[in-house]
Structure formats: C-alpha cells, structure tokens
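Please consult the sequence and the model alongside each point.

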Amino acid sequence: MTNTTARTENRERRWTTAGGVLVAATVATGLMAGLFAAYANNVMPALARSDDRVYIEVMQNIDDVIQNPAFLLIFSGALVLTAVSAWQLRGSPRLRVWVFPALVMYVLAFLVTVVFNIPLNTDLVDAGNPATLADPAAVREKFEDPWVAWNAVRAVLHILAFVLLTPALVLYGRHGRSGRQTSPYLESAAGSSASR
C-alpha cells in the first residue's frame, strides 16, 4: 500500500466519522429544539389555565421527571457532538459556515438553561409542597413569566442551531462522501501536475 493510498483511506475514514458525528449532532439538536418548542407552544399555555397549586405541582413533577439519563445525555450530548463536529469540519469552508454558528446558538441556549431556567426550577422546588403553601399565587408569579420567557429564548436558539446544522448535513451528503473537499484551485493544481 502506497503512502498516497493510506492517506486517502485515512481521510475517508475521518470524513465518515465526521459525517456520523454531524448526523448525531443534528438529530440531538433537533430533539432539543422540539422539546423546548413543545413547552413554548403547548405545555406552558395549557398549564397557564391551571390554578396556582396545580401549576406548581405539575412544574415540580416535570422538573423531577425530566432529570433522567436520556434527557441529560441528549441535552449535553448535542452540545458536545456539535463542538466535535465543528472541530472535525474546521478545514471545510463549505461546512464550517453552518456548523460554527450552530455551535454558537447551542452554547447560548445551553447557557440560558443553566443560568436562568434551572435556577427558577430550583426555587420552585424549594418552595415546598404546593398543598401547604401559604401564598401559592406569589410563588407562581415569581416563576411563571420569567421561566416562560427564557424557555422561548432557548427554544428559538435550539431551532436556529438545528436549522443551521441541516444544510451542513445536506452539503456533507452531497460533497463529503468521497472524503475529499474539492475546490477549483485544487482540481486545476492536480491536473497541471499530472500533465507534467
């Protein structure tokens, strides 16, 4: 096996791995976008119709149930996979113009969750049993509007990250299968050296 053949096979393997990571990042980001969009469009408007104690109890239950391995793996995995994909595709101008902004959007969405939504969830859980709260309306008022607003922000950011990853995946499928990122300059250089 020549050095050129070994390099080509190595490059093809690397691009195949990069394609798998890009697919996984796109799927995981899409799942997060769908989850937070569902909260914004359905879950929170439906809960808004509930009385204060029911609202607090349901949100406390959601906070408890959502902290499961599958959610945590997808939520943090999407960030890691998008970061790895951005690193793997850094040498491809055609793809990195989509993947790097997607990473920025996901990082912002991740920060919104960690800095705003999670502390609000913690405060609501720390308020205690809704059945014994002296003023459940005050607890709800402190939580509801900020949480809904920040959830809308993170939903939009996740959707943007997904929208940015999708064309990268399409372009990868069209141009990345051979493991080579072609450019007119490289093709003409290869042709001129072959004709010498």
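Is N117 buried or exposed?

1. The model under discussion is predicted. In this model N117 is buried, its relative accessible area being 0%. Buried here requires a relative accessible area under 20%, and N117 therefore falls in that class at 0%.

2. N117 belongs to helix α4, which covers residues 93–126. Once its neighbours within four places in sequence are set aside, N117 makes contact with V112, W147, W150, N151 and R154. Of these partners, W147, W150, N151 and R154 carry numbers that fall within helix α5 (residues 136–175).

3. As to the overall fold, the chain contains six helices and zero strands. Followed along the sequence, the pattern reads α-α-α-α-α-α. The chain has 196 residues, of which 34% count as buried. When contacts between residues at least 6 apart in sequence are considered, 82% of them join residues at least 24 apart.

4. For α4 and α5, the axes come within 8 Å and cross at roughly 160°. An angle over 145 degrees counts as roughly antiparallel, and α4 and α5 are therefore roughly antiparallel to each other. Their crossing is left-handed. The residues that make the contact of α4 with α5 comprise 28 nonpolar, six polar and three charged.

5. Helix α4 also packs against helix α3 (residues 69–88), at an angle of about 150° and with the axes 9 Å apart. By the cut-off already given, α3 and α4 are therefore roughly antiparallel, and the crossing of this pair is left-handed. On the α3 side the contact involves I74, F75, S76, A78, L79, T82, A83, S85 and A86. On the α4 side it involves V99, F100, A102, L103, Y106, V107, F110 and T113. By class, the residues of the contact of α3 with α4 are 13 nonpolar, four polar and no charged.

6. How many salt bridges does a search of the whole structure find? The search finds two. In one of them R140 pairs with D52, and the closest N and O atoms are 3.2 Å apart. R140 lies in helix α5 and D52 in helix α2 (residues 52–66), so this pair ties together parts that are 88 residues apart in sequence.

7. The other salt bridge joins the side chains of R140 and E144, at 2.9 Å from N to O. Both residues lie in helix α5 and are four residues apart, about one turn of the helix. Through salt bridges that share partners, D52, R140 and E144 are joined into one network.

8. R140 has 7% relative accessibility and counts as buried. E144, at 15%, likewise counts as buried. D52, at 25%, counts as partly exposed. The cut-off explains the assignment: buried means under 20% relative accessible area, so E144 at 15% is placed among the buried residues, whereas D52 at 25% is placed among the partly exposed ones.

Conventions. Residues numbered from 1 in each chain as written. Predicted model: local features only at pLDDT ≥ 70, side-chain atom pairs only at ≥ 80, totals over all residues. Heavy atoms only, no water. Helix = DSSP H or I, 4+ residues; strand = E, 2+ residues; numbered from the N terminus. Buried < 20%, exposed > 50% of the residue type's maximum accessible area, 1.4 Å probe, protein only. Contact = heavy atoms within 4.5 Å. Salt bridge = Lys/Arg side-chain N within 4 Å of Asp/Glu carboxyl O. Axes fitted to C-alpha atoms, helices over the stretch in contact; angles between N-to-C directions. Parallel < 35°, antiparallel > 145°, perpendicular 65-115°, else oblique. Left-handed = near helix turned anticlockwise from the far one by under 90°. Nonpolar A, V, L, I, M, F, W, Y, C, P; charged D, E, K, R; others polar.
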